[in-house]
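The points are set out pair by pair, with the surroundings of each partner.

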Amino acid sequence: MSGVSFEGIRKVYDDGTVAVKGLDLTIKDGEFLVLVGPSGCGKSTTLRMLAGLEDLTEGSIKIGEATVDHLPARARGLGMVFQSYALYPHMSVQDNLTFGLRMLAKTERPDPPEMKRMVQETASMLGIDDILEKRPRDLSGGQRQRVALGRALIRKPKVILMDEPLSNLDAKLRNQMRVELRRLHDELGFTTVYVTHDQVEAMTLADRIAVMKDGELQQHCPPLEAYHQPANTFVASFLGTPAMNLIEGQAEAGVFTSNGLSFPLPDHLSDCTGKGTFGIRPENVKVLKSNAMEAEIRGVERLGSESVYHLNVGGTDIKALWHRSGEEAWDAEKGGWPEENMFISFNDPSALWFSA
Ligand code: ADP
């Protein structure tokens with residue numbers, strides 16, 4: 001068993017900054033957990049406490065059944081990959097891969113033939129067999145990233161920690177490495193705790209995400225659950241591009257009213273009353289030819305497979321995603337929509353209500 005559990009974790013730095021405010025979180029054995037949130041929300045601090053690189057102010061951490069609070073980093077049996085790959089520039093790839101093994105106490109150190117076998121196995125798994133003699137400076141960003149990953153994987157740790165490991169790569173390589181990371185995770189079965197501020201990375205990699213804000217956990221669940229049923233307006237607006245439309249106002253007798261805007265609530269929200277926030281994702285705003293709210297078109301981003309309409313309805317900014325493929329989109333956008341106004345409706349079963 002090598003799940004991880006954080007129990008009441010709190011971290012106050014010496015200067016008084018409260019980075020993590022009482023975190024309870026359980027990561028299952030073999031799970032891919034992504035800690036996600038905006039910069040400064042306490043993700044790295046949480047990961048560093050798990051790694052043993054930072055002391056806890058309060059609380060306790062377990063890896064498997066063992067409490068590790070007082071164990072030094074090297075005794076926690078973790079593999080780590082950070083944003084800066086921290087490869088030794090004067091060593092070959094092979095020596096970088098085996099560095100950690102060579103530093104082990106003699107009784108734990110694999111013998112040279114075994115070490116060679118471990119290098120070959122790791123290198124072939126990551127497709128870096130042909131660069132074992134090279135130095136880091138002679139490698140591409142993607143190759144360096146693989147070596148850093150190899151160094152973490154070579155001892156087959158039960159738990160791998162990654163802190164923004166892909167952020168130095170260009171967009172194409174990042175996508176490719178994302179798929180590869182997930183494949184390795186599935187093949188090797190280790191538990192992964194992964195930190196990123198990038199919601200797309202979180203959504204695509206994770207079995208479950210833990211969304212953090214200001215040192216506090218906001219929601220912990222599978223990514224699509226957080227997308228469709230966000231716990232609060234922060235999670236609602238953090239996940240998804242373009243972000244969910246959130247309109248503050250008042251609900252009464254099945255009608256929503258905000259400054260200059262009034263519309264019937266969808267049936268499933270008709271019982272909501274009082275102050276709150278109405279939420280609807282841009283892809284669920286219905287774009288109609290007539291018989292709906294008239295919206296002024298303030299701008300359009302045409303992305304090919306879809307267009308983002310920046311609209312204004314009675315003083316409220318709304319984004320609508322209009323998604324059609326191929327010629328249909330081209331035809332419709334060439335002549336289908338009026339120049340200045342379009343009609344939209346919020347009558348969709350996905351719409352959400354957040355009570356104030
Ligand atoms: P994230 O990884 O989500 O960007 P961090 O865990 O790095 O966030 O930081 C959380 C908060 O703790 C931030 O306000 C940050 O400025 C602060 N912080 C991080 N490291 C230190 C430190 N060594 N000393 C004081 N404050 C720190």
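This is a predicted model: local features need pLDDT of at least 70, side-chain atom pairs count only at pLDDT 80 or more; totals for chains, interfaces and linings use all residues.

1. Glu296 and Arg298 are joined by a salt bridge between their side chains, with an N to O distance of 3.2 Å. Glu296 counts as partly exposed, because its relative accessibility is 36%. Arg298 has a relative accessible area of 53% and is therefore exposed, the cut-off for that class being over 50%.

2. A salt bridge also connects the side chains of Glu180 and Arg146, at 2.6 Å from N to O. Glu180 belongs to helix 5 (residues 171–188) and Arg146 to helix 4 (residues 141–153), so this pair ties together parts that lie 34 residues apart in sequence. Glu180 counts as buried because its relative accessibility is 13%. Arg146 is likewise buried, with a relative accessibility of 13%; the class requires a value under 20%.

3. Within helix 5, Asp186 and Arg182 are 4 residues apart, which is about one turn of the helix. The two form a salt bridge in which the closest N and O atoms are 2.9 Å apart. Asp186 is partly exposed, at 49% relative accessibility, whereas Arg182 counts as buried, at 19%. Both values should be read with the cut-offs in mind: buried means under 20%, and exposed means over 50%.

4. Salt bridges also link residues into a network, whose members are Glu114, Arg117, Glu121 and Lys156.

5. How many salt bridges does the count come to? The total is 14 salt bridges, among them the pair Glu180 and Arg146 and the pair Asp186 and Arg182.

Methods. Residues are numbered from 1 along each chain as its sequence is written. Side-chain values use heavy atoms; hydrogens and water are left out. A salt bridge is a side-chain nitrogen of Lys or Arg within 4 Å of a carboxyl oxygen of Asp or Glu. Helices (H or I, at least four residues) and strands (E, at least two) are DSSP runs, numbered from the N terminus. Buried means under 20% relative accessible area, exposed over 50%, partly exposed in between (1.4 Å probe, protein chains only).
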